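The tour below goes from one selection to the next.

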Amino acid sequence: MIDLQNAKFVSALAPISVSGATATDTEVDTLGYNYAVWIIQAGVLGAAGVTALKIQESDSTGSGEADFTGGSFSALVDADDGKVYVAFLDLRKRKRYLSLVATAGANACLLSSVVILTNANVSPDTATLRGITGQQLIV
């Protein structure tokens, strides 16, 4: 079995253009997983860049999100077009729900984000449980 067949994939921030506002992400429920890899893809970034890029956590869904030590990235500038940012999280030390906060300056910025949840208590064995629409196993 390929290691990532035992993972769940979450589209935390579908590709979006944001300017002068905070992008709305999909909250990630980490229940049943011990580790996460949070991948953030910067597309074309406007001159004002992304002024805040951070992961927050909460004990309950939909409210109480708070910053935590190590959860913030440096601001992104227009020279960061096309770069990939990754956070490796030990979920055993985090609260259950995670969210991404991405605040863009006045100019449009393109961003997207995927979270890969790994080391499951019970391995997902279908595409649905893996959080994916379709899957191919090529050997």
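Select K54 and show its surroundings: K54 touches D67, G71, S72, S99, L100 and V101, leaving out residues up to four places away in sequence; contact here means heavy atoms within 4.5 Å. This is a predicted model, in which local features need pLDDT of at least 70 and side-chain atom pairs count only at pLDDT 80 or more, while totals for chains, interfaces and linings use all residues. Residues are numbered from 1 along each chain as its sequence is written, and side-chain values use heavy atoms, with hydrogens and water left out.

Show the side chains of K54 and D67, which are joined by a polar contact of 3.3 Å. A polar contact is a pair of N or O atoms within 3.5 Å; within protein, one must be able to donate a hydrogen and the other to accept it, and residues adjacent in sequence count only if both atoms are side-chain atoms. Next, select A75: its C-alpha atom is separated from that of K54 by 9.6 Å, with the two residues 21 residues apart along the chain.

Now widen the selection to strand 5 (residues 50-58), where K54 lies. Helices (H or I, at least four residues) and strands (E, at least two) are DSSP runs, numbered from the N terminus. Seven of the nine residues of strand 5 are buried, so the strand is largely enclosed by the rest of the structure. Buried means under 20% relative accessible area, exposed over 50%, and partly exposed in between (1.4 Å probe, protein chains only).

## Stop three: strand 9

Move to S113 in strand 9 (residues 109-120). Is S113 buried or exposed? S113 is buried, with a relative accessible area of 2%. Apart from neighbours within four places in sequence, S113 is in contact with V10, S11, A12, L13, W38, I39, I40 and L100. L100 is also among the residues that K54 touches.

Finish at N119, also in strand 9. N119 is partly exposed, with a relative accessible area of 41%. Check its phi, which is near 55°, a positive value in a residue other than glycine.
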